[in-house]
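Please look over the structure shown here.

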Amino acid sequence: MSINRVVISGNLTRDPELRTTASGMPIMSIGVAVNDRRKNNQTGEWEDYANFIDCTMFGTRAQNIQQYLSKGSKVTIEGKLRWSQWERDGQKRSKIEVIIDDIDFSGNRNGNMGGNGGGSFGGNSAEAYSAPLTPVVDTTSSVYDEDIPF
């Protein structure tokens with residue numbers, strides 16, 4: 001048995017890009033910056049390192065929520081990993097991206113809410129729907145402590 005599920009939370013690194021396939025299916029591409037904290041062995045201080053993750057959403061939901069997102073928006077994404085490979089200029093290239101099943105957003109970095117003030121899009125509906133405001137988690141306080149054994 002294999003499981004392919006991923007949940008990430010971070011800020012958009014660019015405005016969403018919406019394009020359409022030849023058959024008319026909308027595709028939204030976004031980039032999400034997710035911070036990872038590590039202890040610097042030389043200074044003993046905790047430091048943030050950004051991971052940049054490409055994410056893609058397909059269908060009508062992608063088209064509907066694209067208008068609510070912009071660079072800097074805080075999002076939480078649930079989906080699955082997909083590996084792709086192609087050839088460009090005679091060189092093989094590949095990438096891993098997250099295919100979005102569900103997306104929750106709570107506004108941009110400044111706390112301004114886009115559109116309906118935050119919400120959830122995805123899951124069981126063919127069309128986007130609005131859900132109650134997602135709680136904003138305070139990421140400024142450190143959850144890491146030197147007493148934790150790992």
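Which residues have the most contacts inside the largest nonpolar core? They are Ile30, Val32, Cys55, Leu69, Val75, Ile77 and Ile103, in a core of 18 residues. A nonpolar core is a set of buried Ala, Val, Leu, Ile, Met, Phe, Trp, Tyr and Cys residues joined through side-chain atoms within 4.5 Å; buried means under 20% relative accessible area, with a 1.4 Å probe and protein chains only. At least two residues of this core come from each of β1 (6–12), β3 (26–39), β4 (46–58), α1 (60–65), β5 (74–88) and β6 (91–107).

This is a predicted model, in which local features need pLDDT of at least 70 and side-chain atom pairs count only at pLDDT 80 or more, while totals for chains, interfaces and linings use all residues. Residues are numbered from 1 along each chain as its sequence is written, and side-chain values use heavy atoms, with hydrogens and water left out.

Helices (H or I, at least four residues) and strands (E, at least two) are DSSP runs. Of its 150 residues, 29% are buried.

Ile77 touches, beyond its neighbours within four places in sequence, residues including Val6, Ile30, Cys55, Val98 and Ile103; contact means heavy atoms within 4.5 Å.

Arg61 belongs to helix α1. Arg61 is buried but has no salt bridge, that is, a side-chain nitrogen of Lys or Arg within 4 Å of a carboxyl oxygen of Asp or Glu. The nearest side chain of opposite charge, Asp102, is 4.5 Å away. A polar atom of the Arg61 side chain lies 2.6 Å from the backbone oxygen of Asp101.

Conventions
Buried means under 20% relative accessible area, exposed over 50%, partly exposed in between (1.4 Å probe, protein chains only). Lys and Arg count as positive and Asp and Glu as negative; His and the chain ends are not counted. A polar contact is a pair of N or O atoms within 3.5 Å; within protein, one must be able to donate a hydrogen and the other to accept it, and residues adjacent in sequence count only if both atoms are side-chain atoms.
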